[in-house]
Amino acid sequence: MPTPATLRTLPREGRDTLFLLAVIAWVLLPQASRLPLWCSLGAGAVLLWRGWLALNARALPRKIWLLLLLALTLGATFATHGTLIGRDAGVTLLVVLLTLKTLELRARRDAFVIFFLGFFCMLSNFFYSQSLLTAIGMVIGLLGLLTALVNAHMPVGKPPLAQAAKTAGSMALLGAPIMLVLFMLFPRMAPLWGMPSDAMTGRSGLSARMEVGTLATLALDDSVAMRIRFEGDPPPQREMYFRGPVLSSFDGRQWLPLRNSLPTRYALPANLQVSGDPVRYEVTQEPTQRPWLFVMEAAPQGPELPGSRSVMQDDLQWFASRPLTERVRYQVSSYPSFTHGPMQTTLGLLEYVDLPPGFNPRTLALAAEIRRDPRYAQANAAALVQVALERLRTGGYTYTLEPGVYGRDTADEFWFDRKEGFCEHIATSFVILMRALDIPARIVTGYQGGELNSVDGFWVVRQSDAHAWAEVWQAGRGWVRVDPTSAVAPGRTGAFQRLAAPRGAVAQAFGDFSPTTLAQLRATWEAVNNAWSQWVLNYTQGKQLKLLKNIGFESPDWQDLSRLLIVAIVLASLAGGGWAWWDRSQHDPWLRLLGRVRKRLARAGIESTPATSPRQLARLVRQKYGAQGQSLHDWLMQLERQRYAPAAPSATAPAALKSQPAQLGQLRQAFSRIRWPA
């Protein structure tokens, strides 16, 4: 590890190379977990190798070695991804090319290629994440690349990196208003706007199938599934059931959507009937790569999505017309009081009592035993549901994240052996028992509950809130929600008592020291992230057109956006040109250069006034530094001669040297190359 003293004594080339390598490492760091392992390790090794070469002033490898490394990495990329095109393969190749290019960094043009590859790598981070943390990290990377780019354009010598960073920051600030105008007004037209279709991997652990033990793993995932903002008072948490996939076919190991074996005329209609006052709310749903729309039960009208339509199936699950590959926001009205499904027995209900043969014999025997009891021989579905729930309440059953690995007959193990499980263990065992009692039943998966963020007022639904419950058909009532987990652990649905995943040592220690502070920090950070999502990531074309309506456009479209953008750019260009002309006319460039000299001399301890001439400054420099300040003394004398005794241009002198502005420019460059005495 080089010491600060070593870095200070490095030649400019070595120092600038190490700085550029550090910026590249910062830009590539977020990609490490997404790239193939060989690519991450190889990129790190190449950067370390290049840094060692720069630190020790060693020669760069010959081109034959670079060609060999390139061939190996191309083969590894194809072997890993099966292609050399596409998002993942393209990003891998981009990282490979960037890091290998550093091994032939010999001339300024090589540096420029590295700069532009670095900008592309920086943008590729947003293929995978557009979070606020990613944006902050890439802004830092942008400033670093701009600093290196400015430094490469600075004249010979060893100008401090702080000076290049200051110039880069000024450039970024000057470009910020233009960036803001482009963000606000650039038309968001597909496919020119937006991420590629594979830009977001599915982050919802819910699946179209459920095997016992799968939902328990979601309790370890604390990421956000969606955010809810209610209009008015929110409903009680026990009513916050956000419906997802409905699973009705059971093969003994896993639950799947209904496989219609009966003719379509026997399909069960939705027959949704709502009553009471609706609950109105807005959902911001994270991308899932699936078409599911999670709405609180039950919503008769579907969400309105930009560029898509929503459809409700007969089981009340809402679908978009395409998979959700990006964050979406929609408004819904739900009615907690509702009925749905057939009111009378129909042939289509037979599929909801079907059980695979040879599985869970003890559960089937338990159902037969209940039916033989005179009290329940003629009991209806509601009474038998209460029998099963009472068994769960009083039979010593436990709600846990770690029930162990279940075997072949999961219901038998739950009812008679283990007596512990997560929500899917309980719901599966309950539905199997109901079907064994000849009562139509099915499993519904989704999310239950939520957590109010006191900072921004949004309800946050996490992946750890994934839940499975049952629906039982009752004559005259249709499908009725029954949550058997609430019989085992009432706090799971009534008081939001979740089973927390084990925390790390640092989080555990901090939480034990100040749990309220940890919760407040988390809520604040999530509120900031939510604001970023609502106002930046979800700034859609609809919001653009709404902005134009507020300005005064009656029926705005993307053409109005384009015209307004062009007008804004022209006005900004005219304003910039006018300011530059005014600045040039109001300020003497010779005086500006003299002012820079005075400031630099003041930092060195040589005080002066606006009336001090360059000749007087040169005399002060000689008095303070003697022969060490000779180059600065001579430069000050040249500055005075340029102003008061300019040399007459000769007939053979180049045109660039015949004008005083050109001479002043040469003096300005010479000033930046002066070696100042210590």
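Predicted model: local features only at pLDDT ≥ 70, side-chain atom pairs only at ≥ 80, totals over all residues.
The chain contains 23 helices and 20 strands. Of its 678 residues, 43% are buried. Among contacts with a separation of 6 or more, 71% join residues 24 or more positions apart. The chain exposes about 35,400 Å², and 61% of that area comes from carbon and sulfur atoms.

Zero disulfides are found in a search of the whole structure. For Cys 39, the closest cysteine sulfur belongs to Cys 121 and is 9.3 Å away, which is too far for a bond, since a disulfide requires sulfur atoms within 2.5 Å. Cys 39 is buried, at 2% relative accessibility, and Cys 423 is buried too, at 0%.

Strand β2 (residues 224-230) pairs with β18 in the antiparallel sense through four bridges, and Ile 228 has Trp 459 as its bridge partner. Strand β17 (residues 451-452) also runs antiparallel to β18, joined by two bridges; here Glu 451 is partnered with Val 460. Six residues separate the strands in the hairpin of β17 and β18, where Gly 457 adopts a positive phi near 80 degrees.

The aromatic rings can now be taken together. A pair of such rings is described by the distance of the centres and the angle of the planes. The structure holds 15 aromatic pairs. Tyr 352 is buried at 6% relative accessibility, and Trp 479 is buried at 5%.

Another edge-to-face pair brings Trp 590 and Tyr 644 to 6.0 Å centre to centre, with 80 degrees between the planes. Trp 590 belongs to helix α20 and Tyr 644 to helix α22, 54 residues apart. Trp 590 is buried at 3% relative accessibility, whereas Tyr 644 is exposed at 59%.

Charged side chains also meet rings. The charged end of Arg 418 sits over the ring of Tyr 406, 4.9 Å from its centre, and Arg 600 lies over the face of Trp 676, at 4.3 Å from the ring centre.

How values were computed
Residues numbered from 1 in each chain as written. Heavy atoms only, no water. Buried < 20%, exposed > 50% of the residue type's maximum accessible area, 1.4 Å probe, protein only. Contact = heavy atoms within 4.5 Å. Areas by Shrake-Rupley, 256 points an atom, 1.4 Å probe, with all protein chains shown as cover. Pairing = 2+ DSSP bridges. Phe/Tyr/Trp six-rings, centres within 6.5 Å; stacked < 30°, edge-to-face > 60°. Lys NZ or Arg CZ within 6 Å of the ring centre and 35° of its normal.
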